[in-house]
Amino acid sequence: AAGAREAGVAGTRLATSATDAAFANAIMAHADETDDSHQPAFFHPGCAVVPAALAMGEREKSSGAALLKAVVLGYDIGCRVNLALGAMRFHLAGHSTHSFGATFGAAAAAGVLAQLDADRMRHLLSYTAQQASGVSCWMRDSGHVEKAFDFGGMPARNGVAAATMVAHGFSGVADVFASERNFLFAYGGVENAHLLVHGLGKIYEILHANIKQWPVGSPIQAALDSVLVLMREHGIRAGEVERMVVRTPDDEAGIVNDSRMPDINMQHLLAVMLLDGTLTFASAHDAARMKDPKVLDVKRRIELVGSADLTRARPPRQCTVEIRVRDGRELRHHTSAVKGTVGNPMTRSEVGEKCLDLTAPVLGGRRARTLIDTMWNLEKLADVRALRALLRA
């Protein structure tokens, strides 16, 4: 933890520079399948924007209300950059939309907390543009380590670095999105430049973000939703299931089809849910259970089928689960809007329960509950540095 003790590293007692703290916290934020996403902009805003804002907020002794506003701004700017670039086209061309949107979002959040004026915010965007990069080869990283760097660590670090440089007087280009040799021209997004400001101040992109109910890969969320509904409505458990067929978009089926990692293995996770009645962070990540005879017995009865129709369906990531029960019943449930998405949001209680499941094993139950209560009332916090003690292991 070299450098000035400006911000804390979550889960530890370490304090370091705001840039390094943002980097460490952002890598952790996407090291696992637990963070949010923004489907139209095709990236994960929170894992970069929030760590960058928190680090700069600690450095500047900002209030909780200021931190909230900075995060909202970060989502707006990051999402708008990706929308202007044409997120899916940009991704298919080999660029990493996750790195680009996240870097601009992190920089915007850090810049407003550094109290940059309008002219310096323009320079901030230019320094950010020079650091926004990434190619989608991260998809070949089976361990998700480089992915966490690309999605969270690098964007948060670069965004905070841009803000601190400009705050210390670095001058830059004032119109990186316009005029000659601009950012959008370089990446072929000039025709959608208007999306950078469309509805700005009226449309808040943070309200269009999705939160995962389950701490597993996104393509598995809908299947878990469907199985949970069938279990609750019909009272079925693992021993009663003769056969299960899971129909999921064929462009994602390969990612989760019997993967070596437990938290992105569709058949394994559904077997665990049937046996346990639910799914927690601990059970979803218990690699030893992948060899458990009871789990393997249930898993053998689960078939994953890719569907081109579901790939085309909107909203995306829909799923159908069909179960044949040993008593002859044929059960079926189709999830069209995944729990936690804009069309089917989680309740405040469900968000709190997920957060407690994720944090209590590290922070302890009492401290985790205090942290959650504090976050629900963040706008009342006078100094965000008070969060550092609550985030320590």
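Ground rules. Residues count from 1 along each chain as its sequence is written, and side-chain values use heavy atoms, without hydrogens or water. In this predicted model, local features need pLDDT of at least 70 and side-chain atom pairs pLDDT 80 or more, while totals for chains, interfaces and linings use all residues.

Helices first. These are DSSP runs of H or I, at least four residues, numbered from the N terminus. Take α2, residues 46–59, and α5, residues 97–113. Their axes sit 8 Å apart, at about 20 degrees. Axes are lines fitted to C-alpha atoms over the stretch in contact, and angles run from 0 to 180 degrees between N-to-C directions. Under 35 degrees counts as roughly parallel, so α2 and α5 are roughly parallel.

Who touches whom? Contact means heavy atoms within 4.5 Å. From α2 come A48, V49, A52, A53, M56 and G57; they meet A102, G105, A106, A109, A110 and L113 of α5. That contact has 10 nonpolar residues, two polar and no charged. Gly counts as polar here; Asp, Glu, Lys and Arg as charged.

Now the second largest pocket. It holds about 1000 Å³. A pocket is an open set of points on a 1 Å grid where a 1.4 Å probe fits, with protein on both sides within 12 Å along at least five of seven lines; lining residues have an atom within 4 Å of a point. The volume is the space filled by probe spheres set on the points.

There are 39 lining residues, and F42, W138, E252, I255 and R317 are closest to the centre. The lining splits into 15 nonpolar, 14 polar and 10 charged. Helix α10 gives the largest share, four residues.

Key:
Helices (H or I, at least four residues) and strands (E, at least two) are DSSP runs, numbered from the N terminus. Angles under 35 degrees count as roughly parallel, over 145 as roughly antiparallel, 65 to 115 as roughly perpendicular and the rest as oblique.
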